[in-house]
Amino acid sequence: MNPFTKKVIHIIKSIPSGKVMTYGQIAKVAGSPRGARQVVRVLHSMSAKYNLPWHRVINAKGEIVIADEESAYSQKVMLEVEGVHFSASGRVDLKKSRYELNVVEEDWI
């Protein structure tokens, strides 16, 4: 497993209940500011294996972007159960719910 993937897994595991991070935010903290699509790949391929709280990752607009309606609904419900609030337009207020993690320690690799 490459170092970026390890960092992404660690970052996603560190998101506490009731908080969210964006794909781009995770990529930036992991050392690749333009790596949001790689974060998507990691979530898609490794969520089950590493028991990742995948539902805590959303897009930069505060939206759930899963195409499958059932999975998108499940993600919203899981976030609401954790205390994340959605606006009438279906967006998360990132000012209230974003988890700020600024530095990835090198010993995480």
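Which helix gives the most to the lining of the largest pocket? In this predicted model, that element is helix α3, spanning residues 36-46, which supplies three residues to the lining. The volume of this pocket is about 230 Å³. Its lining is made up of Tyr23, Val40, Leu43, His44, Ser47, Trp54, Val57, Val65, Ile66 and Gln75. By residue class, seven of the lining residues are nonpolar and three are polar, while no charged residue takes part.

Overall dimensions were computed from the C-alpha trace, which extends over about 40 × 25 × 25 Å along its principal axes. The radius of gyration of the chain is 13 Å, and this agrees with a compact globule, because a globule with 109 residues would have a value near 13 Å.

Burial and contacts were also computed for the chain. Of its 109 residues, 39% are classed as buried. Contacts between residues at least 6 apart in sequence were considered as a set, and 64% of them join residues at least 24 apart. The accessible surface of the chain amounts to about 6700 Å². Carbon and sulfur atoms account for 51% of that surface.

Conventions: Residues numbered from 1 in each chain as written. Predicted model: local features only at pLDDT ≥ 70, side-chain atom pairs only at ≥ 80, totals over all residues. Heavy atoms only, no water. 1 Å grid on protein atoms, 1.4 Å probe; cavity = no way out; pocket = protein on both sides within 12 Å on 5 of 7 lines; lining within 4 Å. Points joined across faces, edges and corners; volume = space filled by probe spheres on them. Helix = DSSP H or I, 4+ residues; strand = E, 2+ residues; numbered from the N terminus. Nonpolar A, V, L, I, M, F, W, Y, C, P; charged D, E, K, R; others polar. Rg over C-alpha atoms; globule rule 2.2 N^0.38 Å. Buried < 20%, exposed > 50% of the residue type's maximum accessible area, 1.4 Å probe, protein only. Contact = heavy atoms within 4.5 Å. Areas by Shrake-Rupley, 256 points an atom, 1.4 Å probe, with all protein chains shown as cover.
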